[in-house]
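Please examine the predicted model shown below.

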Amino acid sequence: MRRLLPLLCGLLLAACGQRAARPIGDFTLPVYTPRYASGFEITGAAGSRSTLVTVHNPWYGDEVTDQYLFIARDGEPAPAGFEGQVLRDEARRVVCMSGSYIAMLDALGAADRVVGVSGAQYLINETLRRRIARGEAADVGFDSNVDFERLMALRPDLVMLFGIGGADTALTGKLRELGIPYLYMGEHCEESPLGKSEWVVVAAEIAGLRTEGSRLFAAIPERYERLRALAQQTAGKNIVVHFAERHHLAAQRAEDFRLPIACRADRRLRRLAHRVLFLRNVFKSDKPGQGKGHHDGDRAGYQRMDDV
């Protein structure tokens with residue numbers, strides 16, 4: 001009996017140290033309420049640092065669906081009966097299946113957390129291109145050609161997915177089998193320009209950078225309205241934009257805002273053209289068959305916010 005006493009005490013202490021799973025209904029307190037986006041919400045529970053990210057309809061079509069990611073902090077277990085995805089603490093190693101998510105993390109100062117991408121040949125983030133060349137990050141493929149062995153070798157905390165017509169059940173099923181959490185992002189489905197950009201807050205929550213994400217987005221609406229008013233002054237004219245990184249001229253029309261401008265290649269007007277192109281690329285309606293593909297997302301402009 002004396003020999004069993006220490007063992008029983010140890011088991012009792014271990015049992016007392018385990019936290020009971022809370023019901024999912026506890027996680028209804030607003031943590032972040034979007035002002036412009038309609039596709040996500042972030043909620044929490046009293047006395048808990050864990051949060052629940054809910055994504056509504058992250059693809060085009062008539063299907064109505066919600067995706068859930070529970071971010072468990074301080075060792076808290078997932079809610080009882082929870083069938084969504086679970087991320088422990090924060091994502092330090094992320095696989096981005098769209099360049100837009102790379103740009104979001106880059107704007108948050110967390111681009112070094114990207115360990116996997118889809119379509120490395122489309123990247124314009126030079127730092128990430130160099131990391132891929134050094135073997136510090138890798139291209140995992142796309143659609144039905146995802147290299148799961150390579151994906152597993154990257155040891156991701158989370159895969160940020162992109163969907164057009166619905167969930168890729170073959171991909172998500174394999175990720176579930178491998179025990180790799182994922183979340184479909186839906187910024188491309190937002191109707192408003194500011195709604196699209198507000199998804200940087202979701203990336204920030206995933207990365208454990210909530211304060212930074214809220215501060216980053218808070219400055220965007222005022223600048224957006226200022227630039228839109230500036231562009232309205234020259235409505236109806238063509239826009240000629242100089243791509244410094246490409247060393248050539250490209251003609252564009254800002255039809256999404258009906259606010260094109262005419263710019264000569266002098267320094268001041270060229271900078272203005274860059275700003276209007278920023279608005280067009282970040283906030284354009286990216287529907288199937290229209291506009292840029294999702295791999296061009298890192299062009300979108302989160303990384304150019306400082307220029308706006």
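In this predicted model, the buried residues of helix α9 are I220, P221, R223, Y224, L227 and A231. They lie on the same side of α9, because the arc that they cover around the axis is only 160°. The background is a matter of helical geometry: an α-helix has 3.6 residues a turn, so residues three or four places apart point the same way. The length of α9 can be checked as well. Helix α9 comprises 13 residues, 220–232, and at 1.5 Å a residue it should span 18 Å; the C-alpha atoms at its ends are 18 Å apart, which agrees with that expectation.

The sheet may be considered next. Five strands form an open sheet in the order β8-β7-β6-β9-β10, and the pairing is parallel.

The individual pairings can be followed strand by strand. Strand β6 (residues 94–96) pairs with strand β7 (residues 114–117) in the parallel sense over 3 bridges, and V94 has V114 in β7 as its bridge partner. Strand β6 also pairs with β9, again in the parallel sense and over 3 bridges; here C96 stands opposite M160 in β9. Between β9 and β10 there are 4 bridges, likewise parallel, with Y184 in β10 as the bridge partner of L161.

How many of the residues of strand β9 (residues 158–162) are buried? The count is 5 of 5, and the strand is thus described as mostly covered. L158, M160 and F162 point one way from β9, whereas V159 and L161 point the other way.

M160 leads on to the cores. The largest nonpolar core has 43 residues, of which L105, M160 and I206 touch the most other members. Helix α7 (residues 200–206) gives the most to this core, contributing 6 residues. Apart from neighbours within four places in sequence, I206 is in contact with L69, I71, L87, E90, A91, L158, M160 and L183. A second, separate core consists of 16 residues, including A138, V146, L154 and Y182. In soluble globular proteins, nonpolar side chains tend to be buried together.

How values were computed:
Residues are numbered from 1 along each chain as its sequence is written. This is a predicted model: local features need pLDDT of at least 70, side-chain atom pairs count only at pLDDT 80 or more; totals for chains, interfaces and linings use all residues. Side-chain values use heavy atoms; hydrogens and water are left out. A nonpolar core is a set of buried Ala, Val, Leu, Ile, Met, Phe, Trp, Tyr and Cys residues joined through side-chain atoms within 4.5 Å. Buried means under 20% relative accessible area, exposed over 50%, partly exposed in between (1.4 Å probe, protein chains only). Helices (H or I, at least four residues) and strands (E, at least two) are DSSP runs, numbered from the N terminus. Contact means heavy atoms within 4.5 Å. The expected span of a helix is 1.5 Å times one less than its number of residues. The arc is that of the directions from the helix axis to the C-beta atoms. Two strands pair if DSSP finds at least two bridges between them.
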